[in-house]
Amino acid sequence: MTEQQKEYFDIIRHETAAAKATLVAVSKTRPISAIQEFYELGQRDFGENRVPEMLEKAKSLPNDIRWHFIGHLQRNKVKDLIGHVDVLHSVDSERLLLEVNKQAVKAGRVVDVLLQFHIAQEESKYGLTSEVAKSFLPQYQQSEALPGVRIIGVMGMATFTDIDEQIATEFDRLVEIYEELKSTFFADKTEFCEISMGMSGDYPLALAKGSTMIRVGSLLFGKRNYG
Ligand SMILES: *Cc1c(COP(=O)(O)O)cnc(C)c1O
């Protein structure tokens, strides 16, 4: 780890702590040794976006790491992931939600999940619309409807752009979706309290807009070649 990386880490974790948010260090594509270095500096939350890669890392690294899965998840991969994931940020369909619940129940677990919303202009990004979420959530209102999952909030990715006003508008939209779901479906659920937004390029804005979980990769680990 370079001195500059250490310095960035210190700055980002202080900013995150000041905002009472969680810093998820996005370690996708990074070697185990790099994760270990951040672990030794006290970092415990790490984010991955591929199932085999996360399983491999989880196997080799300390047990008190909280693994956040942040990538698009296919339903046939849920089974492999379920015993190892602590927070699943990317529930982007009702079918995926049901599969996560099913596999978690089978494994005797309750998994924390976030509903991922499409807030960016790019078409390629996954995510629910608030209309779709509002159409299926009523079915699962009863406390025992989904015993394997705890829906703890929302996640979104802003458009990849330099235009701050656009990113700000998209973050505002995610907060609005969160507030609406909170009052409509989760008013009595204190665990529904997370808004996962903000990456290397936009995390200060995200924190200013009310993010409770930022997902930062390249600013901590250095530039990625892929992923
Ligand atoms: C890769 C990734 C990040 C981190 O991106 P950086 O720009 O490297 O900070 C955050 N969220 C998701 C969903 C990602 O896939």
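**Notebook: a predicted model, residue by residue**

Started with Phe46: setting aside residues within four places in sequence, I find Phe46 in contact with Val24, Ala25, Ser27, Ile35, Phe38, Tyr39, Ile65, Arg66, Trp67, His68 and Phe221.

I looked up where Phe46 sits, and the answer is strand 2, which covers residues 45-48. Buried or exposed? Phe46 is buried, at a relative accessible area of 0%. I also checked one C-alpha distance from Phe46: Val24 is 22 residues away along the chain, yet the two C-alpha atoms are separated by 5.2 Å.

**Entry 1: Leu174**

Next I went to Leu174, which belongs to helix 7. Leu174 is another residue I can write down as buried, with 0% relative accessible area. What does Leu174 touch, beyond four places in sequence? I get Phe117, Ile119, Val154, Met155, Gly156, Ile195, Ser196 and Met197. I also noted the C-alpha separation between Leu174 and Gln116, which is 9.5 Å for residues 58 apart along the chain.

**Entry 2: the ligand**

I listed the residues around the ligand and got Val26, Lys28, Ile70, Met155, Met157, Met199, Ser200, Arg215, Val216, Gly217, Ser218 and Arg224. Met155 is on this list and also among the contacts of Leu174. Sorted by class, the shell has six nonpolar, three polar and three charged residues.

Which residues come up when I look at the oxygen atoms of the ligand? For Ser200, a side-chain N or O atom is 2.5 Å from a ligand oxygen. I then checked how much of the ligand is covered: taken alone, the ligand exposes 390 Å², and the protein buries 90% of that.

**Entry 3: salt bridges**

How many salt bridges are there in the whole structure? The search gives 11. Background for this page: side chains of opposite charge can pair when their charged atoms come close. I followed up some of the pairs.

Asp64 and Arg44: their side chains meet in a salt bridge, 3.2 Å from N to O. Asp64 is in the loop between helix 3 (51-60) and strand 3 (66-69), while Arg44 is in the loop between helix 2 (32-40) and strand 2, so this pair ties together parts that are 20 residues apart in sequence. Asp64 is partly exposed at 39% relative accessibility, and Arg44 is partly exposed too, at 23%.

Glu180 and Lys134: I read 2.8 Å, N to O, for this side-chain salt bridge. Glu180 comes out partly exposed, with a relative accessible area of 31%. Lys134 also counts as partly exposed, at 29%.

Glu56 and Lys59: the closest N and O atoms of this salt bridge are 3.6 Å apart. Here both residues lie in helix 3, three residues apart, which is about one turn of the helix. Glu56 counts as partly exposed at 42%, whereas Lys59 is exposed, with a relative accessible area of 65%.

Still in helix 3, I looked up Lys57.

Is Lys57 buried or exposed? I wrote it down as buried because its relative accessible area is 4%, and the cut-off for buried is under 20%. Not counting residues up to four places away in sequence, Lys57 touches Ser27, Lys28, Thr29, Arg30, Ile32, Ile35, Glu48 and Trp67.

I cross-checked that list against my earlier pages. Lys28 is also one of the residues around the ligand. Ser27, Ile35 and Trp67 are among the contacts I had written down for Phe46.

Terms used: Residues are numbered from 1 along each chain as its sequence is written. This is a predicted model: local features need pLDDT of at least 70, side-chain atom pairs count only at pLDDT 80 or more; totals for chains, interfaces and linings use all residues. Side-chain values use heavy atoms; hydrogens and water are left out. A residue is near a molecule or strand if one of its heavy atoms lies within 4 Å of it. A polar contact is a pair of N or O atoms within 3.5 Å; within protein, one must be able to donate a hydrogen and the other to accept it, and residues adjacent in sequence count only if both atoms are side-chain atoms. Accessible areas come from the Shrake-Rupley method with a 1.4 Å probe; for residues, only the protein chains shown count as cover. Ala, Val, Leu, Ile, Met, Phe, Trp, Tyr, Cys and Pro count as nonpolar, Asp, Glu, Lys and Arg as charged, and the others, Gly among them, as polar. Helices (H or I, at least four residues) and strands (E, at least two) are DSSP runs, numbered from the N terminus. Buried means under 20% relative accessible area, exposed over 50%, partly exposed in between (1.4 Å probe, protein chains only). Contact means heavy atoms within 4.5 Å. A salt bridge is a side-chain nitrogen of Lys or Arg within 4 Å of a carboxyl oxygen of Asp or Glu.
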